[in-house]
Structure formats: structure tokens, C-alpha cells
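Please look at the sequence and the 3D structure side by side before reading on. The notes below are meant to be read slowly, with the structure in view.

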Amino acid sequence: MRELSLQVLDLVRNSIEAGATQVALAITEDFTADRLTIEIRDNGRGMNSEECRRALDPFVTSNQTRKAGVGLGLPLVDMYTRQCGGCLSLESSPGKGTTVKAVYQHSHLDRPPLGSMTETVKAIIIGNPKLDFRYSHTVGQRTFCVTTYELTGILGDIPLTHPDVLIWITDYLSGHFNYLYGGGPGENH
């Protein structure tokens with residue numbers, strides 16, 4: 001996967017397939033520490049230590065239902081983090097959910113670009129309208145946070161998939177990403 005946003009989408013899909021009703025995604029770009037950290041926390045069914053070990057093994061998959069993909073999400077993220085001077089941690093307990101934390105050296109030449117988080121966040125929100133999803137993104141001293149609870153509170157009975165809402169969500173997310181970076185639309189960070 002060329003972009004971290006695609007890795008994020010795959011990991012959130014893992015959470016949803018694990019029965020999560022709540023997913024929190026946090027991205028922190030700390031230029032002082034030269035770190036880019038992606039953390040995904042869910043309340044899915046969780047895993048025991050043996051399942052966690054197998055989840056990081058690229059030659060093992062427990063997924064029998066996914067039509068696309070081969071279950072390489074976590075092993076690929078693990079490989080990318082190590083290639084980029086970082087690390088991956090996986091904390092999970094049966095019945096208590098899972099937390100995946102991927103840390104990259106921000107300035108590393110091999111670090112994949114973040115990609116379009118606007119499209120990734122929008123896909124997660126629209127594709128999972130019943131998911132309690134929280135997204136926060138910090139770049140230096142600037143932070144942006146949005147929750148589906150907040151959005152549905154604003155929209156009332158209007159579904160997240162309404163065409164006018166899709167346009168509004170795109171503009172809303174794009175505007176806040178621009179705020180985070182202080183740049184123009186469409187820049188690849």
C-alpha cells in the first residue's frame with residue numbers, strides 16, 4: 001500500500017470485522033520528535049496473546065470471509081514502521097478490544113505519504129453509519145477532531161449518505177485538514 005491512509009482504512013476494517021461498535025483513530029505528527037504516530041483503538045472482541053502473535057505473522061490469516069485482501073494489513077504495517085525507524089505495538093484482550101499503534105520516523109525517506117485522510121475518514125463514516133467513530137489529528141500545535149456522534153447530532157434525521165451531506169462532509173474535512181497544515185487543498189503530506 002503506497003499510502004498510510006490505505007493502511008488505516010484496512011486496520012479500521014479489521015476492527016469492524018472484529019465486531020467493534022466504537023473505533024477511535026488518532027494521528028499525531030510531532031515534528032520536534034520526528035514521529036508520525038497512528039493509533040487505532042476499538043471495542044471489538046479482542047485477541048489473546050497467541051492470536052496477537054498470529055495477527056503479525058504474514059503467513060497466517062484467520063479471515064475466511066473477506067472477499068478482498070489477504071490478511072496482510074498488520075504484517076505490512078509492522079514492516080513499514082520498522083523500515084522507517086519506527087515500531088508497531090498491538091495490545092489486545094479478549095472481550096476488551098484492541099489497540100494498534102504504528103510509529104514512523106516522520107522524515108524518513110521511505111515513509112509512505114499519509115495520503116488522502118479526507119477520503120479515508122469519509123469512507124469510514126459513510127460506509128459504517130452505525131459505527132461510533134472518533135477521528136483526531138494533530139499536526140504540531142494544531143488539532144482537529146470529529147466524531148460521528150457530533151455529525152449525526154448536527155444532521156438529525158438526515159442520513160450520512162445523503163448526497164448533500166457527502167459534499168458537506170468532504171468540504172468540512174478538507175477545510176480542517178487545510179487548517180492543520182496551513183496549505184492549499186490537495187497537497188500531499
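The model is predicted, and its protein chain holds six helices and six strands. Read from the N terminus, these elements follow the order α-β-β-α-α-β-β-α-β-β-α-α.

**The chain as a whole**
- Of the 189 residues in the protein chain, 40% are buried.
- Among the contacts in the protein chain with a separation of 6 or more, 64% are between residues 24 or more positions apart.
- The protein chain exposes about 10200 Å², and carbon and sulfur atoms supply 53% of that area.

**The nonpolar core**
- The largest nonpolar core has 42 residues, and those that touch the most other members are Leu25, Ile38, Ile40, Tyr104, Met117, Phe133 and Tyr135.
- Helix 6, which covers residues 163-181, gives the most to this core, with five residues.
- In soluble globular proteins, nonpolar side chains tend to be buried together.

**Tyr104 and Pro112**
- Beyond its neighbours within four places in sequence, Tyr104 is in contact with several residues, including Leu4, Gln7, Ile38, Tyr80, Cys84 and Arg111.
- Pro112 lies in the loop between strand 4 (97-105) and helix 4 (117-127), and Pro112 counts as buried because its relative accessibility is 6%, where the cut-off for buried is under 20%.
- Although Pro112 and Glu3 are 109 residues apart in sequence, their C-alpha atoms are 5.3 Å apart in space.
- Again leaving aside neighbours within four places in sequence, Pro112 is in contact with Arg2, Glu3, Leu4, Gln7, Tyr80 and Cys84.

Methods
Residues are numbered from 1 along each chain as its sequence is written. This is a predicted model: local features need pLDDT of at least 70, side-chain atom pairs count only at pLDDT 80 or more; totals for chains, interfaces and linings use all residues. Side-chain values use heavy atoms; hydrogens and water are left out. Helices (H or I, at least four residues) and strands (E, at least two) are DSSP runs, numbered from the N terminus. Buried means under 20% relative accessible area, exposed over 50%, partly exposed in between (1.4 Å probe, protein chains only). Contact means heavy atoms within 4.5 Å. Accessible areas come from the Shrake-Rupley method with a 1.4 Å probe; for residues, only the protein chains shown count as cover. A nonpolar core is a set of buried Ala, Val, Leu, Ile, Met, Phe, Trp, Tyr and Cys residues joined through side-chain atoms within 4.5 Å.
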